[in-house]
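Subject: Handover of a structure for your study

Dear colleague,

Please find below the structure that I am handing over to you. I ask that you keep it open while you read the notes that follow it.

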Amino acid sequence: MALTREQVVHVARLARLALSEEELERFGRQLSGILEHAAQVTRLATEDVAPTSHAIPLVNVLRPDVPGECLAREKAISTAPEREQGRFKVPRIMEEPQ
Amino acid sequence: MTADLWRLPAAELAGAIARREVSAAEVVESHLARIEAVEPEVRAFITPTPELARAQASDVDRRIAAGERLGPLAGVPLALKDILCVDGVRTTAGSRILGEFVPPYDATVVSRLREAGTPIVGKANLDEFAMGSSTENSAFGPSRNPWDTTRVPGGSSGGSAAAVAAAMAPLGIGTDTGGSIRQPAALCGVVGVKPTYGLVSRYGLIAFASSLDQVGPFARTVRDAALLLEAIAGHDPRDSTSIPDPVADLTATIEDGVSGMRIGVARELVGGEGFQAGVTARVREAADRLAALGAEVDEVSVPTFGYALSAYYLIAPAECSSNLARYDGVRYGYRAAGAADVVEMNSRTRAEGFGDEVKRRIMLGTYALSAGYYDAYYGKAQQVRTLVIREFERAYERFDLLLSATSPTTAFKIGERADDPLAMYLSDVCTIPTNLAGAAAISVPCGLAEDGLPVGLQLMGPPLSEATLLRAARAFERDFGFLPAPPLWGEGAP
């Protein structure tokens, strides 16, 4: 199945990828080919088959609610590209008030 | 003796170190010199870590001098796939987006390796975020196959496999989501184990597809691989998918042979369209050899496995698109400069930080999970996953293990499949069913194809069948022997 350009643009926006025109065209074409192959999964009659999300199921993995060692704040945020006063710093999210 | 220490397998080196015939420092220096000599041709490492290795070696020597009894691999150098976090050492996952990332903590596997006393000589190259079958998707350039440096070492753990094959370290650590340990092991002529899902902790492993990812060992002998797996396996409360049971002894029965063992030859994964003639021939000979050694070998058809690849290339990208959402330029890694607002910053950071294959898989996964397509793609793929597991279960009513090729071809030329993602994906056709089933498998060298390149024999087993797999692989290795050393080794037997 071929993806339309609109679909590719929509998926790129959902995935937060600022793609170039060339990438939109190329990925669109390649994804169409891959999806065509992947669509083989729909050919197996699987109506009564339960889906598997996890091959080795473990249920209710619990532990005592006891505080343990954890990273110091400065070390934990040491990897951030921008930080200020012990916090992550990001560009503006809200519009400036009019 | 000291000059050629790099030629020896891990168990032998560790024995000599424990008996104080040689120091861990000497063993490390021999491998560091070896790295200096061949790394320019192989390019197995993103970040060599000679100082870390020297510090670990001197710690091992100090503890041995103090009379401490250390583990069976103490002092043996190791190449670590650059997707496992090491406190204070740059960890890139082969990506520009983590190009300068220095983790503030150790992965559990790394903590266990520190306890085992295996000096880490470098962070090994990989396809970006372990997505690929050749290391060509690394932002740091491809690694080369020690058998022919115009060819790929396989992937995604190609750097670790190449380092072990080129004797830059007798041990390597990789990760296997769809074949990323076994396929490079096959293409480089070394042993690689994909353990049961949950046997080895994923804490501190940079995630690709969380229901499939598993850490495992590379070595040049089956015994060395078993010892390394024992060192890293076991329950970890920091990974909620970690199996709580104690780990079975993997070396106690390793010499017990295959007499009476029931081995099924998985017909669809041995030959046919896409399989190189020399690969099929070597794998068939290996099956005959196991039969001659006393195994009960018979054919089995596994038609559902033909759909496993399609299911995998929906499930893995879906999980990847979710896992890689964390690279938003806020908490770690690269951030694009000069964005007006946070959405633009996120989108440009990701566009500039990720390579083509990662972008393709994020797009594919986002699409497969998006409204209107979830049931048709992701839901169906999960149902096929159930059918693959059932097919394995049916086969294991008749057999203890299944046998196949590890890769349908030997190592291909660098660049040969780079522009055709689907052709690259087909490299994993034999390995993917095991990942979908969360089960265990091993690749062991079984000869050279008509092109003079190594062929890998894959043995697959049910979850937690590692001891049986290692025993069968060792029986094969003991009778077959080892491959000749790759040309890079120069004169002298391995």
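**Chain A**

Read along the sequence, the elements of chain A follow the pattern α-α-α-β-β. That makes 3 helices and 2 strands in this chain. Please bear in mind throughout that this is a predicted model.

The radius of gyration of chain A is 23 Å, whereas the globule rule gives 13 Å for 98 residues; the value is well over the rule, so chain A is more spread out than a compact globule. Its C-alpha trace spans about 55 × 50 × 30 Å along the principal axes. Of the 98 residues in chain A, 33% are buried.

Q85(A) sits in the loop between β1 (83–84) and β2 (87–88) of chain A. Its phi is near 50°, a positive value in a residue that is not glycine. As a reminder, most residues other than glycine have a negative phi. Is Q85(A) buried or exposed? Its relative accessibility is 66%, and residues over 50% count as exposed, so Q85(A) is exposed.

**Where a helix of chain A meets a helix of chain B**

Helix α2 (residues 21–38) of chain A packs against helix α9 (residues 308–323) of chain B, with the axes 8 Å apart and an angle of about 130° between them. From α2(A), the residues L35(A), H37(A) and A38(A) meet L309(B), S310(B) and L314(B) of α9(B). The residues of this contact comprise 4 nonpolar, 2 polar and no charged.

**The sheet of chain B**

Chain B holds an open sheet of 11 strands with mixed pairing, in the order β1-β3-β2-β4-β6-β5-β10-β11-β9-β7-β8. Which strands stand at the edges? They are β1 (45–48) and β8 (296–300) of chain B; each has a single partner strand, so one side of each is left without a neighbour in the sheet. From one strand to the next, the twist averages 25°. In general, strands of a sheet pair through backbone hydrogen bonds, either parallel or antiparallel.

Both senses of pairing can be followed here. Strand β7 (residues 262–266) of chain B pairs with β8(B) in the parallel sense, over 5 bridges. In this pair, R262(B) stands opposite E296(B) of β8(B).

Strand β5(B), by contrast, has antiparallel pairings: 2 bridges link it with β6(B), and 3 bridges join it to β10(B). G192(B) stands opposite F218(B) in β6(B), while the bridge partner of V193(B) in β10(B) is I442(B). In a regular strand, the side chains alternate between the two faces of the sheet. In β5(B), V191(B) and V193(B) point one way and G192(B) and K194(B) the other way, and all are buried.

**Helices of chain B**

Helix α7 (residues 222–232) lies across β2 (78–81), β4 (171–175), β5 (191–194), β6 (215–219) and β10 (440–448) of chain B, and runs at about 150° to β6(B). Helix α15 (residues 466–480) lies across β5, β9 (401–405), β10 and β11 (454–461) of chain B, at about 10° to β10(B).

How many residues of α5(B) are buried? The count is 8 of the 8, so α5(B) is largely enclosed by the rest of the structure. Among them are G158(B), S160(B), A163(B) and V164(B). After α5(B) comes A167(B), with a positive phi near 65°.

**Backbone details in chain B**

A93(B) is not a glycine, yet its phi is positive, at about 55°. This residue is located in the loop between β2 and α4 (108–116) of chain B. With 0% relative accessibility, A93(B) counts as buried.

Lastly, a cis peptide bond joins G155(B) and S156(B), with omega at about 10°. S156(B) belongs to the loop between β3 (120–124) and α5 (158–165) of chain B. For orientation, most peptide bonds are trans.

Yours sincerely,
A colleague

How values were computed. Residues are numbered from 1 along each chain as its sequence is written. Chains are lettered from A and ligands numbered from 1 in the order in which they are written. This is a predicted model: local features need pLDDT of at least 70, side-chain atom pairs count only at pLDDT 80 or more; totals for chains, interfaces and linings use all residues. Side-chain values use heavy atoms; hydrogens and water are left out. Two strands pair if DSSP finds at least two bridges between them. Helices (H or I, at least four residues) and strands (E, at least two) are DSSP runs, numbered from the N terminus. Axes are lines fitted to C-alpha atoms, for helices over the stretch in contact, and angles run from 0 to 180 degrees between N-to-C directions. Contact means heavy atoms within 4.5 Å. Ala, Val, Leu, Ile, Met, Phe, Trp, Tyr, Cys and Pro count as nonpolar, Asp, Glu, Lys and Arg as charged, and the others, Gly among them, as polar. The radius of gyration is taken over C-alpha atoms; the globule rule is 2.2 Å times the number of residues to the power 0.38. Buried means under 20% relative accessible area, exposed over 50%, partly exposed in between (1.4 Å probe, protein chains only).
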